[in-house]
Amino acid sequence: MPALMINKVRTDEKVLAVTFDDGPNAVYTPQVLEILQKANAKATFYMIGEQMERCPELVKRAAELGHEIGNHTYTHPRMTELSQEECLAEIERTESLIERLTGEKPASFRPPFLDYDHVTTAALQEKGYSHFIGAVNLEARDWEQPGTNHILEETRSVLSNGAILLFHDGYGDRSQALEAISRLIPQLIAEGWNLVTISELLKLA
């Protein structure tokens, strides 16, 4: 059975999973952690192996604060351009890094660019991951720096129970994404949303 891309889960609970890609980053990740801590909210960070080796203490810090660390490959390649062996190497190298730094194997995987095919799927299933993790707010395009208001409006337009939201805390200028979440996350908490990790969200499915 092919792996599925999960963008949300069906649930009656008012929950969201906020996720961050491409970190850790020495400038932006600490600010994201501070925003989450003030709101008493949890998130999932899909980290790149190369970046983790540059900022290992941030990986440990995020895990210690109760956030989940997900696998986002080692070098951030387009997985569809790789052989199955290369896909496995990307997944395994980052998996072992996460386990070494946090004491736990990652429970979920998000392919860079949300790019996958049957080869990627076979590699994923060989490693025991059952799904690719997507998101509902791709039109926010925070990676393109389209403006903070655009990021907020497009994200708010797709909020629903069980939705997965995607932002970026690494690779480039992430100031707009940071400004967006600094406004959005306290608002979500005030509106009664429970912000959970991907593993917690998937248990509701």
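**Burial, fold and strand pairing in a predicted model**

Colleague: Is C87 buried or exposed?

Modeller: The cut-offs are under 20% relative accessible area for buried and over 50% for exposed, with partly exposed in between (1.4 Å probe, protein chains only). C87 has 0% relative accessibility, so it counts as buried.

Colleague: What is this model, and how are residues numbered?

Modeller: This is a predicted model, in which local features need pLDDT of at least 70 and side-chain atom pairs pLDDT 80 or more, while totals for chains, interfaces and linings use all residues. Side-chain values use heavy atoms, without hydrogens and water, and along each chain, as its sequence is written, residues are numbered from 1.

Colleague: What relative accessible area does C55 have, and how many disulfides are there?

Modeller: C55 is buried, with a relative accessible area of 14%. A disulfide requires a pair of cysteine sulfur atoms within 2.5 Å. By that rule the number of disulfides is zero.

Colleague: What radius of gyration does the protein have?

Modeller: The radius is taken over C-alpha atoms, and the globule rule is 2.2 Å times the number of residues to the power 0.38. For 205 residues, a compact globule would come out near 17 Å, and the protein agrees with this at 16 Å.

Colleague: What percentage of the residues is buried?

Modeller: The C-alpha trace spans about 45 × 35 × 30 Å along its principal axes. Of the 205 residues, the buried share is 53%.

Colleague: Which residue of strand 6 is the bridge partner of F20?

Modeller: Helices (H or I, at least four residues) and strands (E, at least two) are DSSP runs numbered from the N terminus, and two strands pair if DSSP finds at least two bridges between them. Strand 2 (residues 15-21) runs parallel to strand 6 and is joined to it by six bridges. The partner of F20 is F167.

Colleague: Why is strand 6 largely enclosed, and which residues point opposite to A163, L165 and F167?

Modeller: Strand 6 (residues 163-168) is largely enclosed by the rest of the structure because six of its six residues are buried. A163, L165 and F167 point one way; the other way point I164, L166 and H168.

Colleague: What is among the cover of the buried residues of helix 5?

Modeller: In helix 5 (residues 118-126) the buried residues are V119, T120, T121, A123 and L124. Contact here means heavy atoms within 4.5 Å. The cover of these residues includes helix 4 (84-102) and strand 5 (131-133).
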